[in-house]
There are 8 protein chains.
Amino acid sequence: MAKVGIICGSESDLPKMKEAAEVLEQFGATPEVVVASAHRAPTLVHEWASTAADRGIEVIIAGAGMAAALPGVVAAATPLPVIGVPLKGSSALEGVDALYSIVQMPPGVPVATVAIDGAKNAAYLAVSILGLKHPTYREQMIAHKEQMARKAREAYERSLGQA
Amino acid sequence: MAKVGIICGSESDLPKMKEAAEVLEQFGATPEVVVASAHRAPTLVHEWASTAADRGIEVIIAGAGMAAALPGVVAAATPLPVIGVPLKGSSALEGVDALYSIVQMPPGVPVATVAIDGAKNAAYLAVSILGLKHPTYREQMIAHKEQMARKAREAYERSLGQA
Amino acid sequence: MAKVGIICGSESDLPKMKEAAEVLEQFGATPEVVVASAHRAPTLVHEWASTAADRGIEVIIAGAGMAAALPGVVAAATPLPVIGVPLKGSSALEGVDALYSIVQMPPGVPVATVAIDGAKNAAYLAVSILGLKHPTYREQMIAHKEQMARKAREAYERSLGQA
Amino acid sequence: MAKVGIICGSESDLPKMKEAAEVLEQFGATPEVVVASAHRAPTLVHEWASTAADRGIEVIIAGAGMAAALPGVVAAATPLPVIGVPLKGSSALEGVDALYSIVQMPPGVPVATVAIDGAKNAAYLAVSILGLKHPTYREQMIAHKEQMARKAREAYERSLGQA
Amino acid sequence: MAKVGIICGSESDLPKMKEAAEVLEQFGATPEVVVASAHRAPTLVHEWASTAADRGIEVIIAGAGMAAALPGVVAAATPLPVIGVPLKGSSALEGVDALYSIVQMPPGVPVATVAIDGAKNAAYLAVSILGLKHPTYREQMIAHKEQMARKAREAYERSLGQA
Amino acid sequence: MAKVGIICGSESDLPKMKEAAEVLEQFGATPEVVVASAHRAPTLVHEWASTAADRGIEVIIAGAGMAAALPGVVAAATPLPVIGVPLKGSSALEGVDALYSIVQMPPGVPVATVAIDGAKNAAYLAVSILGLKHPTYREQMIAHKEQMARKAREAYERSLGQA
Amino acid sequence: MAKVGIICGSESDLPKMKEAAEVLEQFGATPEVVVASAHRAPTLVHEWASTAADRGIEVIIAGAGMAAALPGVVAAATPLPVIGVPLKGSSALEGVDALYSIVQMPPGVPVATVAIDGAKNAAYLAVSILGLKHPTYREQMIAHKEQMARKAREAYERSLGQA
Amino acid sequence: MAKVGIICGSESDLPKMKEAAEVLEQFGATPEVVVASAHRAPTLVHEWASTAADRGIEVIIAGAGMAAALPGVVAAATPLPVIGVPLKGSSALEGVDALYSIVQMPPGVPVATVAIDGAKNAAYLAVSILGLKHPTYREQMIAHKEQMARKAREAYERSLGQA
């Protein structure tokens, strides 16, 4: 079972980030969910991120809202791929602030950004990355895509039936 | 040597996307650069993307401007991780259109989005992903981060010297 | 009775897209409403779109939210005119993402874009297009505009009466 | 030979709108290009638009910048399909003003909006609409899509050859 | 008693525009409130606007949402000053579309634009314009500013008292 | 000859604001152009604005860039109608900052806002306001609109001739 | 006990601005909260701001929504540091108007801008500024950061415990 | 002579940030300018920021572009007031990304944000803050404001002379 680190800056972000954890568990991966703020506890974040690889974590998902420095700060401290989730939260800018803060990283330190509040997609992306190393995730990702296609075809059939 | 697919929709996108290829080559990975438009040659794109894994490609980088459907169309056709690069090109919206078209993917089909015109970062992200499977890329990514830190420290020393 | 294809990516989009179907039915056109996701079931979408003309469909209305690739993917696969409806849905970007993803198509593959959540207008536009071939829709469109003008004049009279 | 009306508000818009005329001529359609401002000569615009169908025009392309009322004003005066082209021109808002002014039409009076400065796509859209009535444009549109796919495949082959 | 024309495109805009009428009545001006849509009843709007001066109207307030052509269309048809009120209504773009459509008028045909949903301010602006000709409105505007200052000072005193 | 005050915050704004002065002079109005910064010389601005009516000024045009407080500060100090011109200048936000700062005035203190860099339109608006009191400006505004329509018709004729 | 001036334009802004007052009181500073509108009572604002230093105020916090001239007007009238809080209020632009109006100040008259509705952070910033002069605030700010880090670590521990 | 730390992430940011240093030197303050990237050399930044107060620095100015984490990361590591300068640089988003990344800080860790590319204003703000403790900066700031007012009055006189 592959380990995926999930980090967010505040306990109020947990319900959204747990959507990612649930998807990972459906695929048989083990999420390690922690709350650690880049702005309030920078040393803690650096410590967690720089030792993540040593603890066996293979991919990191970092969610943050507003100025949203967390994903970039984590990416600076680890050689692992870091997926960033811009959180809308209660920001007046409705997540555009977090999106720009996460996606516009300078050369050399990328963050793999997904949609605003796209925690589930962060997990699917993590699984596709785990698939490089672990055949089970590659196979499950193929199965996931087939199932999506099957469900989409069922919705298509239902829509035809309603005509 | 790991293979990374690089795809963009038009030959005018090639100079930007070749920045990604150069970074990959510096890390000893093999880029496969192709031009194939999601809107002009959808069958070709589907064919290329759905067989990428079979050809030994492990990560895909897809660059596109304006409506920028290419990264999502590619992601729909492969279980591989797909990195999207929003291209500014000559769009009146200066790449915001491409950014929104690439990052706001629906649940189940993520695209790992980097900054507008962030082709280099797409390559660094690909290397960090390759690091899951190939120890050489993990080691090189660690070395890359150390080198960045060293260069940053040198710039710091130079700036102190100017004071 | 002319056939108009209406396609959207998810069953949650149906209530909005059925507004288009209702307008079409008022004009005596036959909507064929289907659910098929460009990202989850790309083959199905391609199949539906590339055979639409053969099934007698004359205009296509495609609604999508967020990254909103569907209208462009459909337009790539058919010589028919394709009308795109950006859907606001629950996107944090409130439909601006879908608008940019649909309207900013590259040269050669246009999508006729209407307002965010403008499904009704997509239907009126389809009727005006059908009017090229079928005199009944041209006549009905003229009558529709006269009726709008009449209702507008009645509202004007009412407003004068309130003064 | 089908007639397509092309209208814009100022002579400075002509170079951009003539891109549409050229595409139409390549398809053997006859563009009628006129300059008439909705805000400076509203009566003239109304006269031109309300008689367009009688003069044999089958589709109208209207380009405008900034407040960009022209496409909507034309659409209000004709039962023909009206395609709107938001022009960037020298607006400080770089065409976003024109895009919003054209695409956000109220229910009942749609404008088929294309990309900012997307005059060529307006012409391709007009051809696909003409295809409903005139088999030659349908056939040419199919040939156009095949040619785009062929050129895209050639670009693909060239890109493979460079690898 | 000076007459001020107030026009909006739909009965659903009336509650907001009546805020302007109420302010005008407080100043002893006579509002003439009408509903007439630029896109649904262009002839009616042109007729109303081009005869407004003859009916004794001295200033016009025009409110509109979304593509918001009404204020500009009215301004094109009258030598009177026209004040535009961008209406938020239920637009997904929350009035930014209307703001851009109203304020970005081309040279020669200005619209005096106020804040989104700023119907009250449109009325205050109308009163300040009426003040050029009618001493009573100039005096009342001076009194209004003094009263605002007095109320502001009272709020200031109250806030001091709470400290 | 009616007097119109024109105020801007910096000498670098003068070339743009003199476009307004030129239009006013064409109509036989007398512009009083001054440079006075709301943020650097608030007392001077207050003094100038609060005595403008006493000096015979009938309308004020205020241009400003970036935070653009000047038009509102002027409007707070005078019962005269104040027209605001958002200046693009060299702002990174390209005049959107100035537009929002000028148009979004609170209830009770309106500023009649024109397009970004729309100094000419500010002058046309001033003339239409002067027309309330001075028949010559009303007549000239009517003539101006007729001339615009005539020139627009000439451009229309020219465009027809080119077909 | 150091004095911090808190000013906002309307009594409806008070609940938000009192969040700043509460934080200041927790640090043992004395807030002087006043309501005074830059647009409705400019003289009062100028008077209050230009005498603030004389009354012993050391830092000023100014909150405003929409056109949000207040912070800049205050900054123009005092040598004290002025912190600006853009207020979302009920603006259709959701505080972006206020943010741009406050942060984009011209050279020479800065306003220290915090997040939209960031009244609490304005207070923390004020405390860090007071720390220059008063050792107690420096010490308390250090303690505040330690406490934040401690609470962040506790949240981290709790999150670990849930795994 | 008070010390002000100036930090930016890259040597390409130095020319802009030196504008701040020059202003500080005009006021007799001592800038300590360093280059240190939050994403490439996080440990170095943390070290520099957390020891700044001990080295006698009293205010920090941090400039950054794109994701712009630097000002927040510095603010997290010091009890000193931190002023953030969003840099436009060559970002496709023209500094809006940096503005949102810097100004939208979470509660407890404020950054005093100035205009995009507003390095000079950062220095003026620093001087006003230094004025709390050092009477010389307070006096100089008063003199600076008087000089600005004097220059503004001279520009006003010149503009009057041109009339």
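**Chain interfaces and helix packing in a predicted model**

About 1300 Å² of area is buried between chain B and chain H, and carbon and sulfur atoms give 62% of this area. The model described here is predicted. On the side of chain B, Arg153(B), Tyr156(B) and Ser159(B) supply 32% of the area that the chain buries against chain H, more than any other three residues. The contact brings together 15 residues of chain B and 16 residues of chain H.

Charged side chains also pair across this boundary. Side chains of opposite charge can pair when their charged atoms come close. Between chain B and chain H the count is two salt bridges. Arg158(B) forms a salt bridge with Glu11(H), and the closest N and O atoms of this pair are 2.7 Å apart. Arg153(B) is paired with Glu47(H) in a salt bridge, with a distance of 3.7 Å from N to O. Because Arg153(B) lies in helix α6 (residues 135–162) of chain B and Glu47(H) lies in helix α2 (residues 42–50) of chain H, this pair joins two chains. Over all chains, the structure holds 41 salt bridges.

The interface of chain H with chain G was examined in the same terms. The size of an interface is often given as the accessible area lost when the parts come together. For chain H and chain G the buried area is about 3100 Å², with 65% given by carbon and sulfur atoms. Each side is represented in the contact by 39 residues, 39 from chain H and 39 from chain G.

Some pairs of chains do not touch. Chain B and chain E are one such pair, with their nearest C-alpha atoms 16 Å apart. Chain C and chain G are another, with their nearest C-alpha atoms 13 Å apart.

Helix packing was considered next. Two packed helices are described by the angle between their axes and the distance between the axes. Helix α6 (residues 135–162) of chain E and helix α2 (residues 42–50) of chain G cross at roughly 35°, and their axes come within 9 Å. In this contact, Ala152(E), Arg153(E) and Tyr156(E) of α6(E) meet Leu44(G), Glu47(G) and Trp48(G) of α2(G). Of the residues in the contact of α6(E) with α2(G), four are nonpolar, two are charged and none is polar.

Chains D and E meet through helix α4 (residues 96–103) of each chain, where the axes come within 8 Å and cross at roughly 110°. The angle therefore makes α4(D) roughly perpendicular to α4(E). Val96(D), Asp97(D), Tyr100(D) and Ser101(D) of α4(D) make the contact with Val96(E), Asp97(E), Tyr100(E) and Ser101(E) of α4(E). By class, the residues of this contact are four nonpolar, two polar and two charged.

Within chain F, helix α5 (residues 119–130) packs on helix α6 (residues 135–162) at an angle of about 135°, and the axes are 7 Å apart. The two helices, α5(F) and α6(F), are therefore oblique to each other. Their crossing is left-handed. From α5(F), Tyr124(F), Val127(F), Ser128(F) and Leu130(F) meet Tyr137(F), Arg138(F), Met141(F) and His144(F) in α6(F). The residues of this contact comprise five nonpolar, two polar and one charged.

Notes:
Residues are numbered from 1 along each chain as its sequence is written. Chains are lettered from A and ligands numbered from 1 in the order in which they are written. This is a predicted model: local features need pLDDT of at least 70, side-chain atom pairs count only at pLDDT 80 or more; totals for chains, interfaces and linings use all residues. Side-chain values use heavy atoms; hydrogens and water are left out. Axes are lines fitted to C-alpha atoms, for helices over the stretch in contact, and angles run from 0 to 180 degrees between N-to-C directions. Helices (H or I, at least four residues) and strands (E, at least two) are DSSP runs, numbered from the N terminus. Angles under 35 degrees count as roughly parallel, over 145 as roughly antiparallel, 65 to 115 as roughly perpendicular and the rest as oblique. A crossing is left-handed if the near helix is turned anticlockwise from the far one by less than a right angle, and right-handed if clockwise. Contact means heavy atoms within 4.5 Å. Ala, Val, Leu, Ile, Met, Phe, Trp, Tyr, Cys and Pro count as nonpolar, Asp, Glu, Lys and Arg as charged, and the others, Gly among them, as polar. Buried area is the accessible area (1.4 Å probe) that two parts lose on being put together, summed over both. A salt bridge is a side-chain nitrogen of Lys or Arg within 4 Å of a carboxyl oxygen of Asp or Glu.
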